[in-house]
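This report walks through one protein model, from its overall make-up down to single residues. Please keep the sequence and the structure in view while reading.

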Amino acid sequence: MPVNVETLTEILEYRLSQALPDRGISVKFVAPTLKLRTALAQPTEREIQALIRALQICRDNLSELPIQTVTIYGLRDNRVVLWKKSFPLEQVLAAERAIEHNSDLFSLKNQYVNRFAVPIAFLCSALLHWSKLDLLLLGMRIWIHEVGHAVVAWFSGRRATPLPFGWTNVSLERSPITYICFLALWGLLFYRGYKERKRWTMGIAVVAILIQFRMTWFLPQDAFEMWFAFGGVGGEFYLSTLLVVGFYLPLPDRWNWGFWRYPALFMGASTFFNAFSFWHQIKRGSADIPWGTILNGSGDAGGDLNQLRDFGWSDGQIVNTYIAIGQVCLWVTIVIYAIRAIAWRSQGFKQSSKR
């Protein structure tokens with residue numbers, strides 16, 4: 001059915017005039033440009049934004065016309081053009097979508113949430129740490145520590161079950177079933193990323209497959225045991241960092257974690273801040289290296305750091321390595337946050353003006 005351009009422009013003019021009755025708006029369509037004449041002599045930025053919002057309300061009518069560009073201008077005595085602003089129609093609709101995202105707390109594109117959530121999470125973590133109230137979160141940090149052990153085992157093709165009371169059951173023998181299950185998981189992640197055109201998802205899947213292959217089939221047994229011991233405290237850094245930066249990463253649609261990225265962010269920020277602060281206290285000499293285990297105390301020779309020392313690590317090497325990992329993770333978080341901040345600014349609504 002052919003589009004009645006004259007009728008549509010009359011409808012647009014009526015709707016815009018109803019939304020902004022004091023602007024003296026008239027509408028004319030000259031393909032591919034929609035022209036809006038106003039009675040504004042020197043419009044303010046707020047008045048221009050009001051015109052744009054009025055256009056957004058009329059998006060159903062706009063979609064019926066083959067519009068590429070919208071031009072708004074002020075006319076004096078029906079002859080003299082006082083000012084003119086032109087921009088692509090897509091920019092108007094993008095601005096509307098941004099408004100919708102910013103009103104949804106669970107949207108991954110909410111500028112305000114993405115801008116302030118991470119700083120607020122770290123500020124709250126710092127306050128809890130300095131007030132000693134973060135002791136209430138000890139169980140959460142222990143569980144992340146144990147998952148850090150388990151991740152090393154899983155990538156090395158071993159069965160492992162991280163338990164939240166300071167213990168991880170692990171099999172020292174390679175398990176083909178474990179290897180195949182995690183390989184299938186990465187394959188599914190790659191497939192969903194391919195279907196939804198999420199390149200970062202595909203990249204993570206490929207990197208994970210390569211690491212898993214290398215660690216499962218080429219990592220010697222003694223090296224596995226060393227990295228398994230290392231992975232507990234290491235997990236407090238790298239897993240917590242993944243939880244923080246993961247706040248910005250859109251998972252495939254079927255794995256969309258909307259609400260759950262908030263508790264994940266808090267878990268990551270709190271665990272990272274606690275570990276980072278604690279190991280710097282050890283470096284300064286105001287705290288001791290945590291030898292032993294939670295279950296059997298500092299005298300347990302089977303503790304993670306005791307095992308690292310048995311593998312030839314010096315006290316200084318242990319401390320400096322964990323501090324270095326913490327600094328790398330901190331800079332990764334800062335860089336990703338900065339990249340996202342730049343993206344927020346570039347995604348903001350931009351107007352191009354022609355006078």
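**Overall make-up**

The model is predicted. The protein has 355 residues, and 43% of them count as buried. Its secondary structure comes to twelve helices and seven strands. Among contacts with a separation of 6 or more, 63% join residues 24 or more positions apart.

**Helix α6**

Helix α6 covers residues 138–155, a run of 18 residues. From first C-alpha to last, α6 reaches 26 Å, close to the 26 Å expected at 1.5 Å a residue. The helix is mostly covered: of its 18 residues, 14 are buried. Just after α6 comes Gly 157, with a positive phi of about 75 degrees.

How do two packed helices get described? By the angle between their axes and the distance between the axes. For α6, the partner is helix α8, residues 199–218. The two axes come within 7 Å and cross at roughly 80 degrees. An angle of 65 to 115 degrees counts as roughly perpendicular, so α6 is roughly perpendicular to α8. On the α6 side, Val 152, Trp 154 and Phe 155 make the contact. On the α8 side, the contact residues are Ala 208, Ile 211, Gln 212, Met 215 and Thr 216.

**His 129**

His 129 sits in helix α5, residues 111–130. Is His 129 buried or exposed? Its relative accessibility is 13%, and buried means under 20%, so His 129 counts as buried. Which side chain does the side chain of His 129 meet in a polar contact? That of Ser 277, at 3.1 Å. Leaving aside neighbours within four places in sequence, His 129 is in contact with Asp 134, Phe 273, Asn 274, Ser 277 and Gln 281.

**Cysteines**

A disulfide is a covalent bond between the sulfur atoms of two cysteines. Cys 329 counts as buried, because its relative accessibility of 9% is under 20%.

The table sets out the accessibility of the residues discussed here.

| Residue | Relative accessibility | Class |
|---|---|---|
| Cys 329 | 9% | buried |
| His 129 | 13% | buried |

Definitions and conventions
Residues numbered from 1 in each chain as written. Predicted model: local features only at pLDDT ≥ 70, side-chain atom pairs only at ≥ 80, totals over all residues. Heavy atoms only, no water. Helix = DSSP H or I, 4+ residues; strand = E, 2+ residues; numbered from the N terminus. Expected span 1.5 Å × (residues − 1). Buried < 20%, exposed > 50% of the residue type's maximum accessible area, 1.4 Å probe, protein only. Polar contact = N/O pair within 3.5 Å; in protein donor to acceptor, adjacent residues only side chain to side chain. Contact = heavy atoms within 4.5 Å. Axes fitted to C-alpha atoms, helices over the stretch in contact; angles between N-to-C directions. Parallel < 35°, antiparallel > 145°, perpendicular 65-115°, else oblique.
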